[in-house]
Amino acid sequence: MTTTSPVATPVAAPAWRRSRRRWVGWQFIGPFMAVFALVFLAPIAYSIYLSVFRTQLVGGTSFVGFDNYRQALTDPLFWDGLGRVSLFLVVQVPIMLGIALLVALAIDGGRLYGKSFFRISIFMPYAVPAVVASLMWGFMYGTRFGLVGNLNDLLGTAIPDPLSPDLILAAIGNIVTWEFVGYNMLIFYSALRVVPHSLYEAAEIDGASQWQVVRAIKIPAIRGALVIATIFSIIGSFQLFNEPSILQSLAPNAITTSYTPNLYAYSLSFSGQQYNYSATVAIIMGLITMVIAYVVQLRGMRKES
């Protein structure tokens, strides 16, 4: 005959204690939520508020609903700037990420002599502020007093002007690529460093070549890093502002006030005093950027799974 001891049933904590525990959690995230609401949510809400009004010399400020959005969607200057940054995205981002991936693979391969020096040297341009980099490259592009002009005088050639209307977008792409190759290289290299070496050993035993290891092991292993770098690059391309803004004084005939959507919004706000329309352009660009980045993220996660 066996006896079983009664099982003690857990006693529920009092309601006041459970409420206290919830408040303790909110106390931890409260400072972050306050800063997040102040510097992120509040500006967005205020921009949306500005976008549904219109300020005129005659009549003052009046509620116009979605009229500003309809005007922006039919504005040829806005669409020209959007098409320009879209072309910049399609051409520049694959080149930049491709170079960064090749450099990361070369440094991770272990056969590159002085890889620490190359890693720091390639990352160093990212530490240069965008304003300084744009000014430096802008003067190098100069055909009168810059490097291009000096090469023309030295070699007796006629190198095309990088600041001309036909080449200025490629010149900006070169600056951005120079700035951010090291940043993306560091993302890819950090992802490669956590790939298990047992996979490489198994591939070596199977007789796989270096290219097969890269294609079948390394690139699939860092797919998440590739997606993140692509999303960051998409956001940066649509936010293109610093480089054209700085080069505008050096190439006024090539870079207009509506050269990119961000530059257009800035010009509308600070030069044209059209704060409501400027907020509308900024909101539309934010929505376009969010949608495209989200689509890229979904496709990347689908392939990864």
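In the predicted model, a salt bridge joins the side chains of Arg70 and Asp67, with an N to O distance of 2.2 Å. Both residues belong to helix H2, which spans residues 67-73, and they stand three residues apart, a separation of about one helical turn. Arg70 is exposed, with a relative accessibility of 51%; because exposed means over 50%, the residue falls in that class. Asp67, at 29% relative accessibility, is partly exposed.

In total, three salt bridges are present in the structure. Another of them pairs the side chains of Arg193 and Asp108, at 3.5 Å from N to O. Arg193 has a relative accessible area of 45% and is partly exposed, whereas Asp108 is buried at 11% relative accessibility.

Asp108 also forms a salt bridge with Lys218, in which the closest N and O atoms are 3.2 Å apart. Lys218 is located in helix H9 (residues 210-221) and Asp108 in helix H3, so this pair ties together parts of the chain that are 110 residues apart in sequence. Lys218 is buried, with a relative accessible area of 6%. Through shared partners, the salt bridges of Asp108, Arg193 and Lys218 form one network.

How values were computed
Residues numbered from 1 in each chain as written. Predicted model: local features only at pLDDT ≥ 70, side-chain atom pairs only at ≥ 80, totals over all residues. Heavy atoms only, no water. Salt bridge = Lys/Arg side-chain N within 4 Å of Asp/Glu carboxyl O. Helix = DSSP H or I, 4+ residues; strand = E, 2+ residues; numbered from the N terminus. Buried < 20%, exposed > 50% of the residue type's maximum accessible area, 1.4 Å probe, protein only.
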